[in-house]
Amino acid sequence: MKNTLKFNNNRAVRYLAVLLVAGGGWLTACTPAEQVTVDYTAYVDPFIGTGGHGHTFPGPVVPRGMVQPGPDTRLYDWDSCSGYYYNDSTINGFSHNRLSGTGCCDYGDVLLMPTVGEQRYEPTGSASQQMAYCSAFSHDKEVAVPGYYSVFLDRYQVQAELTSTTRAAIHRYTFPESTEAGFILDLDYSLQRQINRDMVIEILNDSTIQGHKRTIYWAFDQPIYFYMQFSKPFTTHTLVTDSAALDKGGELLPQMKALLRFDRTQADEQVLVKVGLSSVDAAGAKANVETEIPDWNFDKVRQAAHEAWNKELAAIDVKTTLDDHRTIFYTGMYHAMIAPTVFTDVDGRYFGMDHQIHQVEPGEEYYTIFSLWDTFRAVHPLLSIIRPELNEAFIRSLIKKSEEGGIFPKWDMASNYTGTMIGYHAVSLIADAYTKGYRNFDVQKAYKASLRAAEYDTTGIKCPDWMIPYVMPKARYYKNAIGYVPCDKDNEAVAKALEYAYDDWCIAVLAKELGDSANYQKYQNFAKGYQTYYDKQTGFMRGLDSQRKWREPFNPNASNHRNDDYCEGNAWQWSWFVPHDPEGLMELVGGRDEFVRKLDELFTTDAKLEGEEVSADISGLIGQYAHGNEPSHHITHFYNYAGYPSKTQELVDKVLQTLYFNDPNGLSGNEDCGQMSSWYILNAMGFYQVCPGNPVYSIGRPLFDEVTIHLPNGKDFRIQAKNNSLKNKYVKSALLNGKALEKPFFTHQELVQGGTLVFEMTDQPAEWNSIK
């Protein structure tokens, strides 16, 4: 990836320090030196991933916040997935929910924009990214740190500042002197112009508004309620409730906006706005904001958001002279902790998968935004180290979702089945937690729901009929009925079958642990299903039709996005998706030497991609290895199983050094709710879990001189890289608590016991010959 948009985050931090000191915030020069603790948030740059196709955003969220406020710079296209794109030069306003780093778009609700002068809101055309009331802005006058965002709106000469709690946001706008200042509240606005229905705005008094709407888009039925309070009473208001066409002669679409005006604002007068959201009702939105932001102290909320992030980021300390790598690391931790998000109101009510209102037990939370196809690989394994109790809470939510909706979701958004992606990876989270000893959930319910997910059964699933084939694809029927998925009977057959084999292996792990010998044998056999798709003549996993004939023609470089035998990839990438049985795969392809030769070819062959609609997700290429998308993420570590750890170290180093940057265009693909960054976090520390469900870590290339993981049990696990440098990327030897490691692996149990892992680094390949 070309490093084209070099961004100096120090400028932003300095600018923020000026703002906060001036406003009496948390950066005070008079703090006694002995009271100063590490400010990990200073190492975070929320602009990383907002360019390229990272699809992140700089808004001021708190960890796992239900409310995710921030600037919206565009409406349409792939790079609008979070509502913000770094290359844009105008802001439409500030909406209150969004997705982080995804490849699909939704949300962008309850948009607020301060105005001075004429309040224009006429449609600007179906192709326009800009609303009529948008404002130009400059990155030179834009600041983002964890929990705080600020930008100067050139059109209106207004300084906008935002911060948030879990369920509410508070805005602070500094207006110029004017008799024409006000706000536009745009309720019909949403990213990708979703279908709006049942929109209502209620003006309760001269400083309070509430309302709701229901949208239909990626989430097929999403209710949004809001409660909004202004610190300055507005003197006039106009409700826009008519319909308008985006283009002349086009379809009339309902509008729902509130135009608010003040008689006068003084120079530098500050107006604050508090906003609460709920998926339950307006009373829930009101309680959320009144409970979490009871007064008008913007700086107090900002301080609490800062402290919340600092606490999360403090789980890992890194010692390095590589400032950019430190920033990438802590920004990665920041991105990994944005989702899944809280979905319960302060009173414990929530909108469930059956689209009924439910109540959690006291002290419990219910979560949404489970991008499981992405996050089972590294986000949840990372959390199992630093926040295992949170992983258990996520599993409890997933169990509830299976009970409410009829089955585990693959990609849950706002308690909606989306039917997006493949596999049934909730079982991976469960197997991984269980085998690591984290079992604070109903194991029998989890196991029962896992078995349900693996069987073909379309009954009792709470979603529209048209979505059933996506939530419960026919591929599961064929896998169970005839032992493989014919490529002429279902789309993405090879990718689905390979993921089913892994997920069924996870079920076999649970069955064995729970003493269910019949299902253990059944799912252990299913776990070997990957062998069916390997064509020894070509050396790739291939589509096999219902007549057991290979699909022709075959081109391993070919891709037809979401409409071929693979999923967001090609045969080069998917032929390696056997994380649960690398030894079996090695035997299948012809032994260790052929396995290594084929791996070498993957990383060195021509990176060309062919096809009429090549998947844009195949990115971050090293040969045909595609780091920009998840199916490749474990492959660099396969060399360890074949006895060539130096090759793993060399390639991990190459990915760390060439596919991550301290830059808006700093990610080689979608962030995907923290997965891209979690790969970096684990590998920069020196290890990676190839197979969730098998609690073993594969050693790679430690990037930092020293890393200390502060474990939840009060112990520390320290990783030291002696003689470390950018040149010295190979591990010469490794000592775990003073004992030499004979193989490039160690266990989760060894990690959580605490201790020290010491690497001796060198600039020459050095193999652990004993494992060949």
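Modeller: Two terms come up at once: buried means under 20% relative accessible area, exposed over 50%, and partly exposed in between, with a 1.4 Å probe and protein chains only. Helices (H or I, at least four residues) and strands (E, at least two) are DSSP runs, numbered from the N terminus. This is a predicted model, in which local features need pLDDT of at least 70, side-chain atom pairs count only at pLDDT 80 or more, and totals for chains, interfaces and linings use all residues. Residues are numbered from 1 along each chain as its sequence is written, and side-chain values use heavy atoms, with hydrogens and water left out.

Biologist: How many of the ten residues of helix α8 are buried?

Modeller: Helix α8 spans residues 426-435. Its buried residues include A426, L429 and Y434. What covers them includes α7 (388-405) and α12 (493-513), where contact means heavy atoms within 4.5 Å.

Biologist: Which strand gives the largest share of the lining of the largest cavity?

Modeller: On a 1 Å grid over the protein atoms alone, a cavity is a set of points where a 1.4 Å probe fits but cannot get out, and lining residues have an atom within 4 Å of a point. The largest cavity holds about 220 Å³ of space and is lined by 24 residues. The largest share, three residues, comes from β13.

Biologist: Which helix holds both R326 and D323?

Modeller: Their side chains meet in a salt bridge (2.9 Å, N to O), that is, a side-chain nitrogen of Lys or Arg within 4 Å of a carboxyl oxygen of Asp or Glu. R326 is buried, with a relative accessible area of 14%. An α-helix has 3.6 residues a turn, so residues three or four places apart point the same way. R326 and D323 are three residues apart, about one turn, and the helix that holds both is α4.

Biologist: How many residues apart in sequence are the parts that E455 and K522 tie together?

Modeller: E455 forms a salt bridge with K522, with the closest N and O atoms 3.1 Å apart. E455 lies in the loop between α9 and α10 and K522 in helix α13, so the separation in sequence of the parts tied together is 67 residues.

Terms used:
On a 1 Å grid over the protein atoms alone, a cavity is a set of points where a 1.4 Å probe fits but cannot get out, and a pocket is an open set with protein on both sides within 12 Å along at least five of seven lines; lining residues have an atom within 4 Å of a point. Grid points are joined across faces, edges and corners, and a volume is the space filled by probe spheres set on the points.
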